[in-house]
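My notes follow in the order I took them.

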Amino acid sequence: ITVDSSSTFTNEVALQSDNGVTFNAAVNLTSGDISINADADAAGGGTFTIDNLVTLTTNNQNAVIVADDMNLNTAGRINAAAGNVTITDSDGGGIGLGNTAVGLQLTGAELQLIAVNDITLNTTGSVTVNGITALNSGEISGTLTISSNTTVTFATGASVFDVALVVQADDGITVGVGLSTNTAGGTMTFN
């Protein structure tokens, strides 16, 4: 599915494709949540892409994104404001947050392009976090939750979060590098 012209939706929106969803033009919601499944068959290869200088604006509504990978280029944005965003790895290939090219990769620069209340990253695979800066998480006003059915590992580069952090992993959490939160009253919760 490719959106090539600016679009405004007044009700709940659901977009589903086996082979990717791409926004080449602005998408705005006036009410109702948006659900995007870019890899509906969970076979891998379904990337959710927002082109440069293009914004998905939810106007405080929630966004649920399921994909094999995400690409916000250098200036694609998700602006959920007081809404929440949930990003789920579609095929269990795991999530790389920061400088880790594994499964669904969300670089620090891409995380910085998501303005949101709470953001949740889900996978049935593992998560590796590498080198997130306080600036990278600065557009999150609530909580960043990282959830894995296996493991979450903080490795290679230290990470500093400018937000409350919740980490959930069924098979363990490994912190092999510096990890801190930079906000007054910032908390880290590990389950």
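**Entry 1: L72.** I started in a loop. L72 lies between β10 (69-71) and β11. I kept in mind that the model is predicted. Is L72 buried or exposed? Its relative accessibility is 0%, so L72 counts as buried under the 20% cut-off. Next I listed what L72 touches, leaving out residues up to four places away in sequence: I50, N52, I78, E110, L113 and I114. I also checked one distance. L72 and A109 are 37 residues apart in sequence, and their C-alpha atoms are 9.0 Å apart in space.

**Entry 2: I78 and the core.** I78 was on the L72 list, and I followed it up. I left aside its neighbours within four places in sequence. I78 is then in contact with F48, I50, L56, I65, M70, L72, V85, L113, I114 and A115. I then looked up the largest nonpolar core, which has 47 residues. Which residues have the most contacts inside it? I noted F23, F48, I78, I87, I119 and L144.

**Entry 3: the aromatic pair.** I searched the whole structure for aromatic pairs and found one. It is F23 with F48: the ring centres are 5.3 Å apart and the planes stand at 90°, so I logged the pair as edge-to-face. F23 sits in strand β4 (residues 21-23) and F48 in strand β7 (residues 47-50), so the pair ties together parts that are 25 residues apart in sequence. I checked burial for both partners. F23 is buried, with a relative accessible area of 0%. F48 counts as buried too, at 0% relative accessibility.

**Entry 4: the five-strand sheet.** I traced an open sheet of five strands with parallel pairing. The order is β2-β5-β8-β11-β15. Which strands are at the edges? They are β2 (7-9) and β15 (114-115), each pairing on one side only. Strand β8 (residues 55-57) runs parallel to strand β11 (residues 77-79), and three bridges join them. T55 has R77 in β11 as its bridge partner.

**Entry 5: the four-strand sheet.** Another open sheet has four strands, in the order β13-β17-β19-β22, again with parallel pairing. Its edge strands are β13 (95-98) and β22 (173-175), and each pairs on one side only. The twist from one strand to the next averages 10°. Strand β17 (residues 127-130) and strand β19 (residues 152-154) run parallel, joined by three bridges. I picked out one link here: V129 has F154 in β19 as its bridge partner.

**Entry 6: strand β21.** I asked why β21 (residues 164-169) is largely enclosed by the rest of the structure. Five of its six residues are buried, so that settles it. Then I looked up its pairings. Strand β18 (residues 143-148) pairs with β21 in the parallel sense over six bridges. Within that pairing I noted that V166 in β21 is the bridge partner of T145. Strand β24 (residues 188-190) also runs parallel to β21, and three bridges join the two. L165 has M188 in β24 as its bridge partner.

**Entry 7: S147.** My last stop was S147, found in strand β18. How accessible is S147? Its relative accessible area is 16%, which is under 20%, so S147 is buried. Leaving aside neighbours within four places in sequence, S147 is in contact with L121, N122, T123 and Q168.

Conventions
Residues numbered from 1 in each chain as written. Predicted model: local features only at pLDDT ≥ 70, side-chain atom pairs only at ≥ 80, totals over all residues. Heavy atoms only, no water. Buried < 20%, exposed > 50% of the residue type's maximum accessible area, 1.4 Å probe, protein only. Pairing = 2+ DSSP bridges. Contact = heavy atoms within 4.5 Å. Core = buried A, V, L, I, M, F, W, Y, C linked by side-chain atoms within 4.5 Å. Phe/Tyr/Trp six-rings, centres within 6.5 Å; stacked < 30°, edge-to-face > 60°. Axes fitted to C-alpha atoms, helices over the stretch in contact; angles between N-to-C directions.
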